[in-house]
Amino acid sequence: MPRHAGFAGTRRRLLAGVAGLAGGCGVPVAARASLAWLAPSASGAAAATVTALTAPYTAEDLAHAARLRERALGDGLAWQLAESLCTEVGPRPAGSEADARAVAWALERLTRLGFSRVRADPIELRVWQRGPGQARLTAPHARALVMTALGNSPPTPEGGLEGELAYYPDFEALRAERGERARGRIVYIDQKMARTVDGSGYGPAVRARVMGPMEAARRGALALVIRSIGTDRDRVAHTGMMAVDPAQPVVPAAALSVPDAQLIERLHAAGAALRLHLAIGARQAVPARTHNVLAEVPGTDLAREIVLVGAHLDSWDVGQGALDNAAGVAIVVAAAHQILALGRRPRRTVRVVLFGNEENGFDGARHYAERYREEPHQLVGESDFGAGRVWRLRSRVAPEAFSAIEAMAPLLAPLQVALGDNQGSPGPDAAVLMRRNRWSAIELSQDGTDYFDVHHTDNDTLERIDPAALRQNAAAWSVVTWLAAQSAMGFG
Ligand SMILES: [Zn+2]
């Protein structure tokens with residue numbers, strides 16, 4: 001039962017995942033990219049050779065990066081991939097029949113695109129499966145509510161359960177509860193989430209979803225209901241995982257759409273005694289199998305060193321998994337393919353990894369970290385924040401290697417990407433690899449202003465992806481991937 005490896009481990013993984021998405025805690029340093037690295041480009045081959053001894057990239061490496069960038073900006077591959085994955089596969093929770101189709105889709109596409117060593121690493125896991133769900137107010141009057149069960153929620157008893165609502169304005173208010181108000185009631189957390197460009201509103205808010213069910217159970221509650229962790233005003237509920245631990249009690253849990261949460265807030269403010277009926281069907285810990293899908297652009301003289309660009313292939317079982325994360329899959333595959341298509345092999349191997357089950361357990365990332373622990377990974381990165389434009393380059397590399405990150409910045413400047421600091425967070429799966437194996441990481445921060453409007457909802461469909469922004473992402477990733485793979489400089 002790999003997912004139930006103990007609460008401490010689960011919590012660490014969860015919070016790490018949250019941190020990966022919320023990676024905007026650091027204050028970006030002012031863009032201090034120097035154009036100095038570009039200067040030798042006009043100086044011919046001899047000067048470039050001399051430069052290589054002192055600079056992370058040769059003039060020709062930089063010129064090639066610029067060619068990759070311009071070609072990627074005119075390349076429709078990323079959009080074609082996103083469209084195909086959303087249309088031909090659709091939502092693909094780990095271990096499901098659709099997940100297997102997604103793996104087959106990825107293997108077929110990557111092979112057809114000409115990548116080397118295309119393969120799928122099988123991973124045994126236990127998965128949660130959603131059943132029918134329903135929520136309605138029964139007092140002060142009957143009213144149907146739009147809800148979704150949280151991932152890992154136990155089912156309610158047959159026929160559902162009903163109880164009085166114990167209202168808490170946020171997760172901290174529930175954590176501070178020392179009395180008996182929650183006992184025998186349905187705990188309700190009205191946690192609100194702030195809209196920010198870097199997703200930093202998510203980390204503080206999502207604790208209500210992740211930790212709320214156990215906090216409610218500890219206080220003797222019947223169930224937990226929360227306001228959706230999202231920034232929209234649509235009548236659609238946001239799912240997502242909640243922490244479970246076999247050694248601790250937990251209650252059935254669901255999220256309401258924001259307009260339904262607003263209704264409850266108004267009724268509560270008016271002093272009404274609220275009662276709710278909640279029914280959740282679910283199967284827990286079902287044995288299943290998922291895969292990590294791998295593909296490579298083989299390196300030359302430094303081929304055993306890996307530059308990893310990843311995205312997760314799985315999604316929640318709602319919408320089409322478009323922003324989360326067909327977009328990321330499309331971006332990193334298109335970026336790596338651009339390198340392949342231009343015909344010049346990098347010195348290091350570029351490895352594309354499409355991770356299994358990011359959404360509910362990080363099984364793919366943990367499996368990869370273990371299986372490839374001994375292979376030297378120079379840099380790991382992941383695209384998993386939708387399809388908003390990249391606006392910042394960050395890293396988490398050895399301080400002496402930061403100059404090699406700085407030297408990437410002038411190539412990204414035409415894409416309106418600024419240089420940030422060296423406190424980056426590379427996306428949830430890559431963050432697992434970074435922490436477990438102490439691998440250096442790169443982050444291309446995306447504009448996430450609208451991301452949490454549709455995150456984990458039925459509204460996460462292809463229409464939310466801007467093809468031009470997708471191309472800009474692929475261009476940025478092709479630049480940093482190429483340069484990282486072409487440098488002989490160690491990042492770790
Ligand atoms: Zn994701």
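A residue is buried if 20 or more other C-beta atoms lie within 10 Å of its own, exposed if 12 or fewer, and partly exposed in between, with C-beta atoms placed from the backbone. Helices (H or I, at least four residues) and strands (E, at least two) are DSSP runs, numbered from the N terminus.

The model is predicted: local features need pLDDT of at least 70, side-chain atom pairs count only at pLDDT 80 or more, and totals for chains, interfaces and linings use all residues. Residue numbers start from 1 along each chain as its sequence is written.

**Whole chain**

The chain holds 16 helices and 14 strands. Of its 492 residues, 59% are buried. Two residues are in contact if their C-beta atoms, placed from the backbone, lie within 7 Å. Among contacts with a separation of 6 or more, 82% join residues 24 or more positions apart.

The predictor's confidence in each residue is its pLDDT, from 0 to 100. The chain average is 91, and 89% of the residues score at least 70. Residues 1-53 stay under 50. For that stretch the model has 89 contacts beyond four places in sequence.

**Helix α3**

Helix α3 covers residues 59-73, 15 residues in total. From first C-alpha to last it reaches 21 Å, close to the expected 21 Å. The expected span is 1.5 Å times one less than the number of residues. Its buried residues are Ala-59, Asp-61, Leu-62, His-64, Ala-65, Leu-68, Arg-69 and Ala-72.

**Two helix pairs**

Axes are lines fitted to C-alpha atoms, for helices over the stretch in contact, and angles run from 0 to 180 degrees between N-to-C directions. A crossing is left-handed if the near helix is turned anticlockwise from the far one by less than a right angle, and right-handed if clockwise.

| Helix pair | Axes | Angle |
|---|---|---|
| α11 (residues 363-371) and α14 (residues 428-437) | 9 Å apart | about 35° |
| α4 (residues 77-89) and α5 (residues 97-112) | within 10 Å | roughly 145° |

The α11 and α14 crossing is right-handed. On the α11 side, Gly-364, Ala-365, Arg-366, Tyr-368 and Ala-369 make the contact.

Helix α11 is mostly covered, with seven of its nine residues buried. They are Asp-363, Gly-364, Ala-365, Arg-366, His-367, Tyr-368 and Ala-369. These pack against β1 (116-139), β8 (275-297), β9 (302-312), β10 (348-355) and α14.

The α4 and α5 crossing is also right-handed. Leu-81, Leu-85, Glu-88 and Val-89 of α4 meet Ala-98, Arg-101, Ala-102, Trp-105 and Arg-109 of α5. This contact has six nonpolar, no polar and three charged residues.

Ala-326 sits in helix α10 (residues 322-342). Ala-326 counts as buried because 32 other C-beta atoms lie within 10 Å. Leaving out residues up to four places away in sequence, Ala-326 touches Ala-82, Leu-85, Cys-86 and Gly-321. Its C-alpha is 8.7 Å from that of Leu-462, 136 residues apart along the chain.

Arg-195 lies in the loop between β5 (186-189) and α7 (202-210). Arg-195 is partly exposed because it has 15 C-beta neighbours inside 10 Å. With residues up to four places away not counted, Arg-195 touches Gly-201, Thr-231 and Thr-449. Arg-195 and Thr-449 are 254 residues apart in sequence, yet 6.3 Å apart in space, C-alpha to C-alpha.

Key: Ala, Val, Leu, Ile, Met, Phe, Trp, Tyr, Cys and Pro count as nonpolar, Asp, Glu, Lys and Arg as charged, and the others, Gly among them, as polar.
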